[in-house]
Amino acid sequence: MTHPDIHFELTGDQQEVAVIRLTRGAKRNALNDGLILALRDLFEKMPSTVRAAVIDGEGPHFCAGLDLSELKERDAGQGLHHSRMWHAALERVQFGPVPVIAALHGAVVGGGLELASACHIRVADESTFYALPEGSRGIFVGGGGAVRIPKLIGAARMTDMMLTGRVYNAQDGEKVGFAQYLVPEGKAFEKAVELAKRVAENAPLTNYALMHALPRIAEQPADQGFFTEAMMAAIAQSAPEAKSRLADFLEGRAAKVRKQD
């Protein structure tokens, strides 16, 4: 779990939340291949106690994108395989063992936005800004952004960002769908950990279904989606933990849903 550009620690009463912090602060946490592969390895070897994870960035920025100083000249085949390596790594974030909450602040740009879009919940503070400068640099997104980002904000908005260099601030970014939560500056990590601890309390099989089944159901034709939903519902409710939780609710031991302030 050690890497020079990642700080990893466990938190929570049961060590149930993994905190993954990018530590290339001097580079605004720009991503290189070594860092991407380290993220892949980390999610593949996540401790069994972990039920949720938080990804954060050291310093004033979450991640300013690809480290262009390490961008190598590649032919088309090499570029294809390089992009597919990033796809495989970020797929371990999206379809890994636990839900992932991103704590966004400062720059969430290019590859940093691709990383954030692979997470399941995004918490932004008021310093956050979003951009996709690849269009002006003569390159194209290659870490899954062309698939994941339009699902957050729509293809037209992503096209506009790449054609014109448009930058979204934190408030507008929340409105269009980049983040589900917007908090005061400096509070994103605190809120992300709070949410991760809440997520970690869920039945693991239900969390797994939300991570792995729900996005696939959303892309299926309705009749297939209904069938997949039925299969997943039957599997989830058959788990011993689900039966115990339902019994707690029926016998008055579980809290009821209440309106929040």
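The model is predicted. It holds twelve salt bridges, and D5, R24, K27 and D67 are linked in a network of such bridges. Helices α3 and α4 pack with their axes 9 Å apart.

**Packing of α3 and α4**

- Helix α3 spans residues 111-118 and helix α4 spans residues 145-153; the angle between them is about 65 degrees.
- Because angles of 65 to 115 degrees count as roughly perpendicular, α3 is described as roughly perpendicular to α4.
- The crossing of α3 past α4 is left-handed.
- On the α3 side, L113, E114, S117 and A118 make the contact, and they meet G145, R148, I149 and L152 of α4.
- By class, this contact comprises four nonpolar, two polar and two charged residues.

**The D5–R24 salt bridge**

- D5 and R24 form a salt bridge in which the closest N and O atoms are 3.6 Å apart.
- The pair links distant parts of the chain, 19 residues apart: D5 lies in the segment before β1 (6-11), and R24 in the loop between β2 (17-22) and α1 (33-44).
- D5 counts as buried at 16% relative accessibility, and R24 counts as buried at 11%.

**Other salt bridges**

- R40 and D41 join through their side chains in a salt bridge of 2.9 Å, N to O.
- D41 is partly exposed, with a relative accessible area of 28%, and R40 is partly exposed at 27%.
- Within helix α7 (residues 188-200), K191 and E194 lie three residues apart, about one turn of the helix, and their side chains meet in a salt bridge of 3.3 Å, N to O.
- K191 counts as partly exposed at 21% relative accessibility, and E194 is partly exposed at 45%.

Note on methods. Residues numbered from 1 in each chain as written. Predicted model: local features only at pLDDT ≥ 70, side-chain atom pairs only at ≥ 80, totals over all residues. Heavy atoms only, no water. Axes fitted to C-alpha atoms, helices over the stretch in contact; angles between N-to-C directions. Helix = DSSP H or I, 4+ residues; strand = E, 2+ residues; numbered from the N terminus. Parallel < 35°, antiparallel > 145°, perpendicular 65-115°, else oblique. Left-handed = near helix turned anticlockwise from the far one by under 90°. Contact = heavy atoms within 4.5 Å. Nonpolar A, V, L, I, M, F, W, Y, C, P; charged D, E, K, R; others polar. Salt bridge = Lys/Arg side-chain N within 4 Å of Asp/Glu carboxyl O. Buried < 20%, exposed > 50% of the residue type's maximum accessible area, 1.4 Å probe, protein only.
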